[in-house]
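Please keep the structure open while you go through them.

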Amino acid sequence: MSQASGHPARTPLAVLVAIMLAAGCSATVERPATPPSPPSPTPTAPSSPIRSAEGAGATAAENAKEGDPRWRLRGRGAEHEIEGFADRVSVLPGQAFRLYVSTTAARYTARAFRMGWYGGAGARQVWRASGLPGTRQAPPRTVAATGTVTAAHWRPGPEVDTTGWPEGSYLIRLDAATGGRRYVPLTVRSASTRGRLVVVNAVTTWQAYNGWGGRSLYRGPGGFGDRSRAVSFDRPYDASGARLFLDMERDAIELAERRGLPLAYLTSLDLDRDPRVLDGAGGLVSLGHDEYWSPGMRRTVETARDHGTNLAFLGANAVYWRVRLAATRLGPRRLVVCHKDAAEDPGTILWRATGRPESSLTGPMYDCFPSESAYVVRRPGNWIFKGTGVRRGTTFPGMVGVETDRVGAGVPRPMEVLSVSPVNCAGRATVAHSAYYTVPSGAAVFSSGTMRWVCAMRGARCGHGVTRRAGAFVRRATVNILRAFAAGPAARRHPARDNLEPLGLDGPPGR
């Protein structure tokens, strides 16, 4: 979500309101009985992606195990009753990480849940440590120069060994003996993505919106002008501890795991860390809100696309702010720097202000906040909509919001606009587009153009007037996309059929 001149007016508080509508004692430790299959070796060079039967089998086998619906929080308790963070955002299977926990309780329990389908349970518990001694940690500190809130000075808690944990997105649930509960998110990343569909947890964006300690990249005690210029992973997340993961990502992950697709897992930090991490990947999935991108992240993804890796952007306002990653005392890439002001730092501003608009990667680009509109199908015959039963003009109320994208000049071609949804953007008439384009490498790129795409998978539970029928439509369309993208360069089977000219969107090509 933006905070910049030249775009619809908004306040940081409005943005936050809109997005929230998402020692001396031994512990008892439980571990899974059977470890997962070892990861595939890391490729040495880019090549045409192939479907990984082993990866698909691993997803199906994992989700055939018994799940545990008790992963959900049943009340968070009092503020600061318990909260924590991990000293690693992602680890390889078998690597350890350390928890930093603050609680007013004398004892607490930590449980690790792998998120997936599991017959509808939504998660499986893979580890538990009970009887851990509770400590009320020191208050957070703020770095005056950047407004960065940190809890790196907290005393370290237990070290957790992930041996036997399958790759995936995890929530570590902290349960205070007094009843309070919070999550700590963690990704057990894949050593190889070859032949797999890569799910990316958008942790740089999670951290940008994290208001724990009273500051985020959007506001501080004095409002937007008093915001942080850099935000640290060395602190808990606000609210439940996993707000943006639960609101913007979990439903798509559950859907992909339910379908047994060959999945790999990374975070946005891993895209920056290893420029070859996507070598041979079938596709990459950017979830509901993936706004903050470093140059390294963008280079990795663009290179992968140009070597045949498909891209799915299941949200809006992606690749919007250009950030820089820096180290903290707890490790590399644990600080997200974004001043949002060229006078302060010309390197951490809007991507489009650098001459590299997000549209050269995503296709449609950010246009509107706030939006509350219906999704209107334009291209019902496109393969993405197969089996959904839609016709031209089919409308799904509430599906377009709270931020939206549209196709502008200079986008990659050929591009096929799949939906044209009229939008009232705080009094400004505009439209939102879902779109699909293909490139010479054979890669295909889909962008939903609405931040509510993943939420709509929940049907009426999404709110905003989204219906059960819309949920069925989005789930089927998403499965069509993910299956095709997992199988390798989708343009070879599904070339984009450019329709920008009859829509009045024709202009000079962006590539």
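1. How many bridges join S24 to strand S25 (residues 444–447), and do the two run parallel or antiparallel? Four bridges join these strands, and they run antiparallel. Helices (DSSP runs of H or I, at least four residues) and strands (runs of E, at least two) are numbered from the N terminus, and two strands pair if DSSP finds at least two bridges between them. In this pairing Tyr437 has Val445 of S25 as its bridge partner, and the hairpin that the two strands make has five residues between them, with Gly442 taking a positive phi near 100 degrees.

2. Before going further, please note that this is a predicted model, in which local features need pLDDT of at least 70 and side-chain atom pairs count only at pLDDT 80 or more, while totals for chains, interfaces and linings use all residues. Residues are numbered from 1 along each chain as its sequence is written, and side-chain values use heavy atoms, with hydrogens and water left out.

3. As an overview, the chain has 10 helices and 25 strands, and buried residues make up 62% of its 511 residues. Here buried means under 20% relative accessible area, exposed means over 50%, and partly exposed lies in between, with a 1.4 Å probe and protein chains only. The chain exposes about 18,300 Å², of which carbon and sulfur atoms supply 52%; such areas come from the Shrake-Rupley method with a 1.4 Å probe, and for residues only the protein chains shown count as cover.

4. Val423 stands opposite Thr430 in S24, and the hairpin of S23 and S24 has two residues between the strands, with Ala426 in the turn showing a positive phi of about 50 degrees. Because nine of the 11 residues of S24 are buried, this strand is largely enclosed by the rest of the structure.

5. The largest nonpolar core has 85 residues, and Tyr436 and Phe485 are those with the most contacts inside it. Helix H10 (residues 468–486) gives the most to this core, with 10 residues. Apart from it lies another core, of 30 residues, among them Ala264, Val277, Leu278 and Leu500. A nonpolar core is a set of buried Ala, Val, Leu, Ile, Met, Phe, Trp, Tyr and Cys residues joined through side-chain atoms within 4.5 Å. In soluble globular proteins, nonpolar side chains tend to be buried together.

6. Just after H10, Gly488 takes a positive phi of about 115 degrees.

7. Helix H5 (residues 250–258) is mostly covered, since eight of its nine residues are buried. Among these buried residues are Arg250, Asp251, Glu254 and Glu257, and just after H5 there is Gly260, with a positive phi of about 70 degrees.

8. Some backbone values deserve a careful look. Most residues other than glycine have a negative phi, and most peptide bonds are trans. Tyr118, although not a glycine, has a positive phi of about 50 degrees; this residue sits in the loop between strand S5 (107–115) and strand S6 (123–133) and counts as buried at 4% relative accessibility. Val319 likewise is not a glycine and has a positive phi of about 55 degrees; Val319 is found in the loop between S17 and S18 and counts as buried at 0% relative accessibility.

9. One joins Phe369 and Pro370, with omega about -5 degrees, and Pro370 lies in strand S21 (residues 365–376). The bond from Gly401 to Val402 is also cis, with omega near -20 degrees, and Val402 has its place in strand S22 (residues 395–406).
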